[in-house]
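Visitor: I would like to learn how the features of a protein model are read, one after another, with the criterion stated each time. Could we go through them together?

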Amino acid sequence: MSSLTTKKPRTMDPEKIYDLLLSARTADQVTMHFKDGRVLHGALVFNQFKGTGRLINVDQELSVDFSVDEIRDLRF
């Protein structure tokens with residue numbers, strides 16, 4: 001009998017994501033992976049007191065508001 005396994009997307013704990021967001025505020029560009037499957041690149045604006053922010057990609061004329069609980073992973 002063979003078993004099939006599905007790979008679960010890696011999800012960081014909220015505290016780790018919050019710390020990464022604080023560190024990434026000075027990065028030129030970040031790659032943000034959302035829990036809904038979106039992967040977006042751009043500059044980051046983050047309000048640590050509200051736990052919300054905005055990802056801005058000037059080249060694609062894209063601006064996305066987010067909250068910490070929507071993020072699965074963050075790279076910079």
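This is a predicted model: local features need pLDDT of at least 70, side-chain atom pairs count only at pLDDT 80 or more; totals for chains, interfaces and linings use all residues.

Visitor: What fraction of the residues is buried?

Guide: The classes rest on relative accessible area, with buried meaning under 20%, exposed over 50% and partly exposed in between (1.4 Å probe, protein chains only). Of the 76 residues in the chain, 34% are buried.

Visitor: Which secondary structure elements does the chain have, and in what pattern do they follow along the sequence?

Guide: Helices (H or I, at least four residues) and strands (E, at least two) are DSSP runs, numbered from the N terminus. The chain comes to one helix and five strands, and along the sequence they follow the pattern α-β-β-β-β-β. For contacts, which means heavy atoms within 4.5 Å, the share that joins residues at least 24 apart is 47% among those between residues at least 6 apart in sequence.

Visitor: How is an aromatic pair read, and how many are there by the rule?

Guide: A pair of aromatic rings is described by the distance of the centres and the angle of the planes. Rings of Phe, Tyr and Trp (its six-membered ring) pair if their centres lie within 6.5 Å, and planes under 30 degrees apart count as stacked, over 60 as edge-to-face and the rest as tilted. The count by this rule is one aromatic pair. It is formed by Y18 and F46, whose ring centres are 5.5 Å apart and whose planes stand at 75°, so the pair is edge-to-face. Since Y18 belongs to helix α1 (residues 14-24) and F46 to strand β2 (residues 39-47), the pair ties together parts that are 28 residues apart in sequence. Y18 is partly exposed at 26% relative accessible area, whereas F46, at 8%, counts as buried.

Visitor: How many salt bridges does a search of the whole structure find, and which side chains form them?

Guide: Side chains of opposite charge can pair when their charged atoms come close. The criterion for a salt bridge is a side-chain nitrogen of Lys or Arg within 4 Å of a carboxyl oxygen of Asp or Glu, and the search finds three. R54 pairs with D65, the closest N and O atoms being 2.6 Å apart; because R54 lies in strand β3 and D65 in strand β4 (residues 62-67), this pair ties together parts that are 11 residues apart in sequence. R38 meets D36 at 2.9 Å, N to O, with R38 partly exposed at 32% and D36 exposed at 54%. R75 meets D73 at 3.1 Å, N to O, and here R75 is partly exposed at 44%, while D73 counts as buried at 3%.

Visitor: Is T31 buried or exposed, and which side chain does its own side chain join in a polar contact?

Guide: A polar contact is a pair of N or O atoms within 3.5 Å; within protein, one must be able to donate a hydrogen and the other to accept it, and residues adjacent in sequence count only if both atoms are side-chain atoms. T31, in strand β1 (residues 30-34), is buried with a relative accessible area of 18%, and its side chain joins that of H41 at 2.8 Å. Not counting residues up to four places away in sequence, T31 touches several residues, among them D73 and R75.

Visitor: Where is R25, and with which side chain does its side chain make a polar contact?

Guide: R25 sits in the loop between α1 and β1, and its side chain makes a polar contact with the side chain of Q48 at 3.2 Å. A polar atom of the R25 side chain also lies 3.4 Å from the backbone oxygen of L22.

Notes
Residues are numbered from 1 along each chain as its sequence is written. Side-chain values use heavy atoms; hydrogens and water are left out.
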